[in-house]
Each structure stands twice: as C-alpha cells, then as structure tokens.
Amino acid sequence: MIYILQKAKPNEESDSMEESKTDDGIYASELLSEESSGPVALSVRRAKQLISLYAMVQNPNMTHLELSEVVVLPPLWIRCDGSDPEHTYWLGAEPLKAGNKITGINFYMVTCDGPTADKTCFANLEELKMTHRIKHHSSVVTTKGFAQYELIRAAAIEGTTVESESNICIDITWNTVDKILETPPLISAATLNIALEPGDPRSPVYQLYRELQFLLALAEGLKTGVTEWPELLESKPAVELVQEFLTDLKKKLDGYCVSGNKDGTEKIKCDTEAVDSSMKSIFSERGDLDFAEQLWCKMKSVSSYQELIACFTLILKSLERGEIQPWIHHGSSSLLSKLIQQSYHGKIEAVSLTGITPIQMLLEIGLDKMKKDYVSFFIGQELATLTYLDYFTSTLVDLQEQIHRVQKLHHMLEIMVSCTVLLQFKHENLFPLTQICMKYYRENPLDEKHVFQLPIRSALVKKFYEDDHLQVWKVDISSGHGPKEVKTTWQVSTNPPVEHMTSNNTGLLSDSTVNGSSEERMYFITVVKCSQVHFT
C-alpha cells in the first residue's frame, strides 16, 4: 500500500476556505484515491513541506514531538506541478526498515522535460554515471537497460485507416549499457506483451468474428426478448438460400446417401465468405460440415424473426415428408439434430415455431458449428489437445456460459492468427502462447483488454523493431547493495510518463515542433534521482 497525495478538488462553496488553508499542514481532504479522475498536482514548494513532515513524524530522533511510539507509514508519493526549474512532477519517500523498526528514508525526485525531437539535449551516459558516483560517493556503479518497442505498428497493414485498440509490444532488458539509446543486444531477455481486441476488419478471421457477433445477438435475444437482426449482406435472402439448399439435397438424395458429404462440402466452401490468402493457410473452412452446420452458414444472414420461422418451416416440412435424409455429426445435442435423428425412423415430434424456440434452435446449431471450428484450428495446428479444450466446449454448463467460453476461444484464435500473420510466429512460439492463454481463460472471465505475456528470444522479432517504433528507452545506474542500494534512472518515452503532466501542461504539448517540422519522433525525457537519509 502507498499513499498518493494530490490537491483536493474543492467544492464551489468552499473555494475561499480551502485557499486560506494552503500552508496549514496536511488535511485529510488532500489524500485522494489514486483512481480519482483528473488528478491535480501540488506546487513543488508545498510538496517539499509535506515530505518533510512525513519524514519528521517517523524519525525516532525527533524527541521534542513527544511521540509515544513511532509508526512506520506506507510510502508516500506526491504529485507536483513541475513549476520549479527542474520540472519536478513527483516527490516520493519510502521508509527503510530493519524488521519493524524504521532506520531511514529513501527520497525520490522525478523530473520531466519535453516533448522534443532534439536528441542533442539527451544526456551522456558517462556524465550520468559520474554524477551518480559523486552524489552517492560510489566507486563502482552498474547499469541496466530497458527498451519497449511497439511491434503492431511496425507490422501494420498498409493502405488502411482503421484504428484498433490492439497493441503488441516487446519489453527488452539487458545488463551493461554502453551508450544512450543503444539497440538491445540479441542475447537480451525479452517479453512479448499482447493485447488484442477482436473485431479488427483487417484480421484474417474477421468473418468468423461477425459470425460470433450474430451468435451473441441471438443469445441476447433469448435473455431480453429483443433480437438485433443483421443487415442483409447476401445477394439473396436466407429463406431463398435454404430453399435452394433443400432442393439440391432432394435432387441428390440417392447419391447423397452413398457418397456422403463431399458435394455438399464443396458447395458450402463456395457459399461461405471469401477469405484472404493469409487466412487460407491458417484458418481454412472445415471440410466436414454436416447438414445443421451448412444450414447455419445459410441462415446466419437471416434478417428478421419472420424469415427465421419461414426457414425452419421449410426444413421441418422436408424432414417430415422424408424428402431429405441429411447426415449430422455424432454427439450433437441441438434440437434440430434430435429431429433429424428421429427422421431416420420416419417420424419426428411436433415443434411449435413460436416464442423463443426458433431463436434457440438457430443458436444451438450455430454454437455447435463454431465450437467445432475453433477445436479444428487448435487441434489442426497442434496447439492443444481435445482434453485441454474440454473446458471450452463443455455442454454441462448453461447456454449463456457455453457462449461465454466460445468468446474466449475466439479471442485466443485472434491472438494466434495475428501473431502468425504479423510476426510470422511458428509453432515453437504459438504453442507456449496458447498454453498461457488457455490457462488464463480456464481461471478468469473474458477480458479482451487483458495483456498476455510471452517470454521470447529478442532475436526472433528483431526485424520488427526499429528506432521508429521505440516507445520507451531507459537506463538504471545503481550502486550499493540491499537496503543501501541507490539508483539513478534516465528515460525517454513517446508518451507522457506522468498522468497529471498532460492536464497541467497542455501548452507544452502543443508547442512540440523542432526546426519547424512536426514529422520527427517526439520524446519526453524523465530522470529519477534517489537519496537516502539514515536515522541510526
């Protein structure tokens, strides 16, 4: 736990009262939650006063305060407005402890300048090390580097203007830094951070995402009684597609029974949406679609409740009359599958196509089909076993939970496909990434903003990261060991490192051109300095 100290937002009626209390000490109203929106910083002068009071009440040598017992407080960090010459945006203090006893305090000062594209104002590493040695009386210092590159921008599909919340970046750390902004060595430790929101139209599996969205609309219709039907995108209405499909099956009934599903499979491949070349090698349409799954492909374009009833009326009449004898996968538990099995014996039970029944029937066959699609991908790519996929395809949970788990499967599919297309990942990297994703989703609810982390060799993605995609570059200069370790950090970043900096310094951000050009990469320069005070 830490304390975040910032300026309270006074009520309009108490503005004058709060203003008069500026230098009266710490008030409870100044301690706000870190989650408060739009934090307001204190002046650097005020922050230094408060840091001094924080240190004083924990110093056992301050006997004149007549404290019965010195209590070790949580670390304190104070937002500052950068009004001093150094542009200080944080002051921090963290107690040093030996057991339950406080022995001193670490003080931190975070300063920030920028944004600027002028690299001549960047620090010199040897000068930083020398300044650290002099300040901390250290003869030996060590350096550690950190760099973060945004890979998804490096591999972005050209010619598109679609913005995405998705982000793939890599964090790289290494020991012994030789110069500022050096490229990480190939032997560096690297972690891939993957946050992918499904639904990017550029994705090779976007059509499958749209299929899933229709499935979710049907599920929502079951819960609320109101279904949002998709716009008609096919050249023909769904009822015509179903009629043509049934007519074709009637004509081929004899051949259908003997030759299985080959012709039907070829036809459905033509009927489904076209996919780009990259998808064909990664996620191809299954070649074993049964009758119910082929119906889903026809009916996923249904545009109204009345059309849905018309489609199922045609299907049930064909089954009742014995005009078709379709085959279905073993183990399917949908109502339509049960009716088809009954039709093999010449009689099917009456089904009333009213209320939510038609919606549930369509939802069931769509859910069955999509489960098999995802299983086919993960098994076909040798990324998971059937046993490990059981959790995601189980029919022992209610329908809404089954759909929730299918959403998880789709999110994992999008991650694997994106890493394959954008980063050219092979099985050796896709397999551990799949295990990480599946482990998370077996234990947690759907979270499309979750950042999945995969340790990898930096050499694997080196061709994707260049200076243009650098987000953060940082060097830590440290000396001492254990509780006596002190550190100086120098960092450049493309985003403001301080939340309250953007709201308090909009002028600084707008005046961000160098030599009249706004095309150059802009960086914020941040320095973190540490000093120690020992009480004993």
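This is a predicted model: local features need pLDDT of at least 70, side-chain atom pairs count only at pLDDT 80 or more; totals for chains, interfaces and linings use all residues.
Colleague: Which residues of helix 2 are buried, and what covers them?

Modeller: Val44, Arg46, Ala47, Leu50, Ile51, Tyr54 and Ala55 are the buried residues of helix 2. Each of these has a relative accessible area under 20%, since that is what buried means. Their cover includes strand 1 (3–5), strand 2 (76–79), strand 3 (88–98) and strand 4 (101–116).

Colleague: Why are helix 5 and helix 15 called roughly antiparallel?

Modeller: Helix 5 (residues 206–224) and helix 15 (residues 399–423) pack at an angle of about 160°, and their axes are 11 Å apart. Angles over 145 degrees count as roughly antiparallel, and therefore the term applies to helix 5 and helix 15. Helix 5 also passes helix 15 in a left-handed crossing.

Colleague: Which residues make the contact of helix 5 with helix 15?

Modeller: Helix 5 contributes Leu208, Tyr209, Leu212, Leu216, Ala219, Leu222 and Lys223. From helix 15 come Leu399, Gln400, Ile403, Val406, Gln407, His410, Leu413 and Glu414. The residues of this contact between helix 5 and helix 15 comprise 10 nonpolar, three polar and two charged.

Colleague: What makes helix 12 roughly perpendicular to helix 13?

Modeller: The angle between helix 12 (residues 335–343) and helix 13 (residues 357–380) is about 90°, with the axes 8 Å apart. The range for roughly perpendicular is 65 to 115 degrees, so helix 12 is given that description relative to helix 13. Leu335, Leu336 and Leu339 of helix 12 meet Thr357, Met361, Glu364 and Ile365 of helix 13. In this contact of helix 12 with helix 13, five residues are nonpolar, one is polar and one is charged.

Colleague: How do you know that His137 is exposed?

Modeller: The relative accessible area of His137 is 75%. Exposed means over 50%, and His137 is therefore exposed. His137 lies in the loop between helix 3 (125–136) and strand 5 (142–150). Its phi is near 55°, a positive value in a residue other than glycine.

Colleague: Why does Thr176 count as exposed?

Modeller: Thr176 has 51% relative accessibility. The cut-off is over 50%, so Thr176 counts as exposed. Thr176 is placed in the loop between strand 6 (167–175) and strand 7 (189–195). Although Thr176 is not a glycine, its phi is positive, at about 65°.

How values were computed:
Residues are numbered from 1 along each chain as its sequence is written. Side-chain values use heavy atoms; hydrogens and water are left out. Axes are lines fitted to C-alpha atoms, for helices over the stretch in contact, and angles run from 0 to 180 degrees between N-to-C directions. Helices (H or I, at least four residues) and strands (E, at least two) are DSSP runs, numbered from the N terminus. Angles under 35 degrees count as roughly parallel, over 145 as roughly antiparallel, 65 to 115 as roughly perpendicular and the rest as oblique. A crossing is left-handed if the near helix is turned anticlockwise from the far one by less than a right angle, and right-handed if clockwise. Contact means heavy atoms within 4.5 Å. Ala, Val, Leu, Ile, Met, Phe, Trp, Tyr, Cys and Pro count as nonpolar, Asp, Glu, Lys and Arg as charged, and the others, Gly among them, as polar. Buried means under 20% relative accessible area, exposed over 50%, partly exposed in between (1.4 Å probe, protein chains only).
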